[in-house]
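Hi,

Here is the model I promised to pass on.

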Amino acid sequence: MENSTTKNETSSYLDMELLRFSTAGSVDDGKSTLIGRLLYDSKSIFADQYEAIEETSRRKGDENVNLALLTDGLRAEREQGITIDVAYRYFATPKRKFIIADTPGHIQYTRNMVTGASTSNLSIILVDARQGVVEQTCRHTFISSLLGIPHVVFCINKMDLVDYSEDVFEKIKKDLEAFSSKLEVRDIHFVPISALKGDNVVNKSENMSWYQGSTLMYLLENIHIGSDYNHVDCRFPVQYVVRPQLDEFHDFRGYSGRIAGGIFKKGDEVVVLPSGFSSKIKSIHIYNNEIEEAFSPMSVTMTLEDDIDISRGDMIVRENNQPNASQDLDLMVCWLNDKPMINGGKYALKHTTNDARCIIKEVKYKVNINTLHRIEDDKVINTNDIARITIRTTRPLLFDKYSRNRITGSLILINEATNETVGAAMIV
Amino acid sequence: MKSYNLTHLEELEAEAIYILREVASQFEKPALLFSGGKDSIVVAHMARKAFWPAKIPFPLVHIDTGHNFTETIEFRDDFVQKIGANLIVGSVQQSINEGKVVEEKGFNASRNALQTVTLLDTIEQYKFDCAIGGARRDEEKARAKERFFSHRDEFGQWDPKNQRPELWNIFNGRKDMGEHFRVFPISNWTEMDVWQYILKENIEIPSIYLAHQREVFIREGVIMSTSSFIQQRDNEVTTNMQVRFRTIGDATCTGAVESNADSIEKIIEEVAVARTTERGTRSDDKRSEAAMEDRKKQGYF
């Protein structure tokens, strides 16, 4: 009896989902205050952590406790008072576990936001109610859209400083809707908040009775993320081939990987690319547990009915729904390295579980990320630039458009001399 | 309608297993750093799942300070035998005997920092090109900026300001001769996730994680286990307390907490209301504000 009661109290975690979101902004738009409130209210800051940063803030003469100190763990960051890198923070409520990719507002802005956004389900964009839509707002929105973040939540912050005015909120909302209509964002929300006073962050505001929508926390806990993964186009990039040298599993030949799209079922007719051989799924395993179906983003091992030569980099798909296969690709690239991209240069690339090489064939245009204007007369791609380019690869890649599938539609470029990751690209 | 959602633990597991398989694919001679602590146990458990029905295709490596809790070593040997893994032990005592490191002296003497030399020697001796570890980003602030795939130069050094950006689930493990990688599959896990996963998967852990009676003494507010490796001051009185360990490191620098949590369920309840981080009991982190970063730059775990 005693056991079963304990079980009930601790078993709710078995229903929790995982939501990854990114926040972007500069020091004074209230981002730290907002994150601080989410962390405090979910009891995710520990006493010893808080005391340590309180002490450091006091020593530096800061008026408020500087939450960036929680994750700005590198000496250089503390010395210069800047965040160098994407900071990952974690908190949980009984409903969901959250991973925040918190990106700094100034240094290496684009590079960091692109990195943080690449795995996010949701993006929080802070807008200062006194200033409305500014350049930075457009930049955040554009990058969220470019990186295919399914949900965007605009938090109109500092509502306390505009007397909680509905008119101010509605005006900003209208401007944001107009701007966003030029971009591809699937799901947009607007929440009037005061991060400092706590209005509509976790608790519903008593100062804005005109607002009938959800609090930010309610959105974070309830936004439907089940459809964020592609469950339509079956894509299984083979990552690793399991061939146990054990008597018991003598003939076992398993293909392991993470499902990049769709739902695979035992018995499904499948095609292996690039060879084009067909077979049937004999079994799907997670460890010694055989399952009936598997979907993105599960990591599984499959066996097929027929003995086909399959190796890492191959892709298992359905016959009537196949990815593109080509050596010529159109990309939107974000340049991440201090050395400019070399037009006509050769780079190594990684795409799903594949390695290849490529040559940069053409720079079509750069994007001014503040105005969305195309720049066609300056084709030098420097760090933090976003550009439309074409490449040719050494062998055909099996891909989908990024807007269709974030896994099969993304790739990275690598400098072959330094091995550094220099470009992040989305297939257009 | 059937829902195609993973729970947070399933998604974290899928991510970690994907990373373990990337390691096996991208590196020629990886190894899994295994301390007998809960985090490395969880990583080893997922490695079993990742490569089933084959065995884990790389050895487990334990950097043994010689000052471990007896329970940890017993657990380690038992665990390795059960899963049929290959265990390599890098011995700090041997590094001391060979004169490569000098033992610290005094009351706070610890072999914790010496492990770095033994670790790098072991990596070099066996020509490992990747060492998988159980570090998590929520543990310590220098670890918050760590990559899943973390590059180390030919001296084993970490250059935190010059890390490769990591996007989507694409991991760049390219390197030159003599360099290696550290890979952290459970970067995104919190202490709570680890305990929930241990409960869900029914994973065995060393007994000292659970509450038990122990001979202890108090040093600078930390409950330390009495041990032949630690020199007690005259005013550090030995008493008996009901304690458990939240982390398991070298016995000389790992403190216990007072606790009645004698089951995983109770530990989860305890973690849920805990107001200090688990590394709050680690005196190795308290040496300076950047203690962890400094050790990591030199090649620490």
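Predicted model: local features only at pLDDT ≥ 70, side-chain atom pairs only at ≥ 80, totals over all residues.

Let me start with helix α2 of chain A, where K31(A), S32(A), T33(A), L34(A), I35(A), G36(A), R37(A), L38(A) and L39(A) are buried. Buried here means 20 or more other C-beta atoms within 10 Å of a residue's own, exposed means 12 or fewer, and partly exposed is in between, with C-beta atoms placed from the backbone. Helices (H or I, at least four residues) and strands (E, at least two) are DSSP runs, numbered from the N terminus.

Residues are numbered from 1 along each chain as its sequence is written, and chains are lettered from A and ligands numbered from 1 in the order in which they are written.

Back to α2(A): nine of its 11 residues are buried, so the helix is largely enclosed by the rest of the structure. The buried ones pack against β1, β2, β3, β4 and β5 of chain A. The helix (residues 31-41) lies across those strands and runs at about 35 degrees to β2(A); axes are lines fitted to C-alpha atoms, for helices over the stretch in contact, and angles run from 0 to 180 degrees between N-to-C directions. After α2(A) comes K43(A), with a positive phi near 55 degrees.

What about the sheet itself? It is open and mixed, with six strands of chain A in the order β2-β3-β1-β4-β5-β6. Strands count as paired if DSSP finds at least two bridges between them. At the edges are β2 (87-92) and β6 (187-192) of chain A, each with a single partner strand, so one side of each has no neighbour in the sheet. From one strand to the next the twist averages 25 degrees. Strands β4 (residues 122-128) and β5 (residues 151-157) of chain A run parallel and are joined by seven bridges; D128(A) has N157(A) as its bridge partner in β5(A).

Further along chain A, five of the six residues of strand β15 (residues 299-304) are buried. β15(A) pairs antiparallel with β9 (residues 254-258) of chain A over four bridges, with S299(A) as the bridge partner of R258(A).

Now the two chains together: 62 residues of chain A are in contact with 52 residues of chain B, contact meaning C-beta atoms, placed from the backbone, within 7 Å. On the chain A side, β2(A) gives the largest share, four residues. By class, that side has 32 nonpolar, 17 polar and 13 charged residues. Ala, Val, Leu, Ile, Met, Phe, Trp, Tyr, Cys and Pro count as nonpolar, Asp, Glu, Lys and Arg as charged, and the others, Gly among them, as polar.

Chain B is assigned domain 1 (8-190 + 289-298) and domain 2 (194-286), with bounds from an automatic or database domain assignment. Taken over C-alpha atoms, the centres of these domains of chain B are separated by 22 Å. Contacts between them involve 26 residues of domain 1 of chain B and 25 residues of domain 2 of chain B.

Cheers
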